[in-house]
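Have the sequence and the 3D view at hand.

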Amino acid sequence: MKILALDVGQKRIGVATCDRLEIAATPYSVVKAGRTAVDEVVKIINNEEVEAVVIGLPVSFDGKERESCERARFFKNELEKKINLPIDFVDEKFTSKIAETSLIEAGMRRENRKNVIDAVAASIILRGYLDQRRIQRELRDENWELRNENWELRDENWELRIEK
């Protein structure tokens, strides 16, 4: 499934996408926050044939939602008015800090970092979401196999009782 992730900030919105196999989360672009931001994101969604959207929700450590959460929720509401796709929130604690640290370690200069940091943060949000989906699929598949094994065991026990 092609998924788009957003890191909604006060000045910029980081955008990231994944491949249809949900293997790689890649920084896509940075959109300037403002009145046209939703329309610009909708254009990206349509151009990339996105099937779902994930938005980072920066809940504080005490569990309270502050202004940045309100901004993300407002953006989701505005986006829902223009697209008919599932939109989920994902905890985005530390994603901007991780993105900045990664870019520093890669040797990127400060003036260049501000142009991509939000898109890199969005790719980190998306990577976490993809990992969560993969783990849930694996658990669901594992439980299915266990249910199938239990069914077979019940069948074997039933056959044993018949033979007695």
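What follows goes from the overall fold to one strand and then to the nonpolar cores.

First, some ground rules: this is a predicted model, in which local features need pLDDT of at least 70 and side-chain atom pairs count only at pLDDT 80 or more, while totals for chains, interfaces and linings use all residues. Residues are numbered from 1 along each chain as its sequence is written, and side-chain values use heavy atoms, with hydrogens and water left out.

The protein has four helices and five strands. Here helices (H or I, at least four residues) and strands (E, at least two) are DSSP runs, numbered from the N terminus. Of the 164 residues, 33% count as buried, meaning under 20% relative accessible area with a 1.4 Å probe and protein chains only. Contact means heavy atoms within 4.5 Å; among contacts between residues at least 6 apart in sequence, 62% join residues at least 24 apart.

Now find strand 4, residues 52-57, where six of six residues are buried. In a regular strand the side chains alternate between the two faces of the sheet. In strand 4, both faces are covered: A52, V54 and G56 are buried on one side, and V53, I55 and L57 on the other.

Which strands pair with strand 4? Strand 1 (residues 3-8) runs parallel to strand 4 and is joined to it by four bridges; pairing requires that DSSP finds at least two bridges between two strands. In this pair, I3 stands opposite A52. Strand 5 (residues 87-91) also runs parallel to strand 4, with five bridges between them, and there I55 faces F89.

Next, look at the nonpolar cores, which are sets of buried Ala, Val, Leu, Ile, Met, Phe, Trp, Tyr and Cys residues joined through side-chain atoms within 4.5 Å. The largest has 22 residues, and L4, L6, V41, I45, V53, F75 and L79 touch the most other members. Strand 1, strand 2 (12-18), helix 1 (37-47), strand 4 and helix 2 (67-80) each supply at least two residues of this core. Helix 1 gives the largest share, six residues.

A second, separate core of 12 residues includes I3, A52, I125 and L126.

Technical notes: Buried < 20%, exposed > 50% of the residue type's maximum accessible area, 1.4 Å probe, protein only.
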